[in-house]
Amino acid sequence: MDPKHMQSPNEAFAALGPIAKRHGRIKKGDVLPETQVAACPRVRMADLPKGWIPARLYEKNLEQNQLIAGCCRHPENHDIEARKSHPDEPAPDIYIFHCNECSRKHRVFCVGTGDERPMWDAV
Amino acid sequence: MATYTKYEHTIEALLNAEVDAFGTTNTWKVAIHTDAPVVGTDDELADLTQIAGNNGYTTGGEDVQNDGTRAAGTVTVACQDVVWTASGGNLGSSTTGRYFAVHDDTSTTDILICDHDYGATFTVASGETMTWNTGASLFTAA
């Protein structure tokens, strides 16, 4: 057997994917620990450079969404924070817009590839 | 990006022509569920516990407008954003939604494709939104 293809049982199991790697063997009904962590602090959208937050993160769900309150359709007046679904994530994959008028939250969960993920420090 | 979790049965379903990832022939949907996916035994949407079908959530999830295209030897599956807006109460009357499962809604048994973990339970209160965003692509296969 080619040594470079030999894996320990734990390595082989972890290769099944992130659930296995991060949480080990689970059975149906197991409740996994929460792994979400903060990535970028909550800041005012107006304090970030224009275009820093890509429009794709708020166009369809906020500006063009007629099902939400009028105040929520103006992300330029919102605060935004970024989070990671797991500490191992290389970049934020969760963005939360906070409407400063009504305090509602609008979450964006980025699950794909090939997209830009804005990050920032305290402004 | 949120880490892609592959259901073990998916590759068999793809190679057995039970699901179709190329073009737009088959409709894929994304559903919200509360239970952690067990990739070795969960094969179909019915194996998962979705949030309730009310207050802006439809049981079975929403169409992701999937489109598989090929360049050279790589197929890229792109999808459109899905936006859930809660109305009349919490989305799905839920405070324990956490996972997002993509399934082939055209397949006979809603075969599962992949899953993503939000990392925490969430509550989408009335007037709030949850957006599932795939960026340039959901996955590539070569």
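Let's start with B:Ile51, which touches B:Ile32, B:His33, B:Thr34, B:Tyr57, B:Leu91, B:Gly92, B:Ser94 and B:Gly97, leaving aside residues up to four places away in sequence; contact here means heavy atoms within 4.5 Å. This is a predicted model, in which local features need pLDDT of at least 70 and side-chain atom pairs count only at pLDDT 80 or more, while totals for chains, interfaces and linings use all residues. Residues are numbered from 1 along each chain as its sequence is written, chains are lettered from A and ligands numbered from 1 in the order in which they are written, and side-chain values use heavy atoms, with hydrogens and water left out.

B:Ile51 sits in the loop between strand E2 (28-33) and strand E3 (62-63) of chain B. Helices (H or I, at least four residues) and strands (E, at least two) are DSSP runs, numbered from the N terminus. With a relative accessible area of 5%, B:Ile51 is buried; buried means under 20% relative accessible area, exposed over 50%, and partly exposed in between (1.4 Å probe, protein chains only).

## A bridge within chain A

In one of them, A:Glu89 pairs with A:Arg22, with the closest N and O atoms 3.1 Å apart. This pair links distant parts of the chain, 67 residues apart: A:Glu89 is in the loop between strand E2 (79-84) and strand E3 (94-98) of chain A, and A:Arg22 is in helix H2 (residues 18-23) of chain A. A:Glu89 counts as buried because its relative accessibility is 3%, whereas A:Arg22, at 27%, is partly exposed.

## A bridge between the chains

Which residue's side chain meets that of A:Lys28 in a salt bridge? The partner is B:Asp35, at 2.9 Å from N to O. This pair crosses between chains, from the loop between H2 and strand E1 (37-44) of chain A to the loop between E2 and E3 of chain B. A:Lys28 is partly exposed at 38% relative accessibility, while B:Asp35 is buried at 12%.

## One more pair, and a network

Back in chain A, the side chains of A:Arg44 and A:Asp47 form a salt bridge, 3.8 Å from N to O. A:Arg44 is partly exposed at 47%, and A:Asp47 is partly exposed at 38%. Elsewhere, A:Lys28, B:Asp35 and B:Asp42 are joined into one network by salt bridges that share partners.

Notes:
A salt bridge is a side-chain nitrogen of Lys or Arg within 4 Å of a carboxyl oxygen of Asp or Glu.
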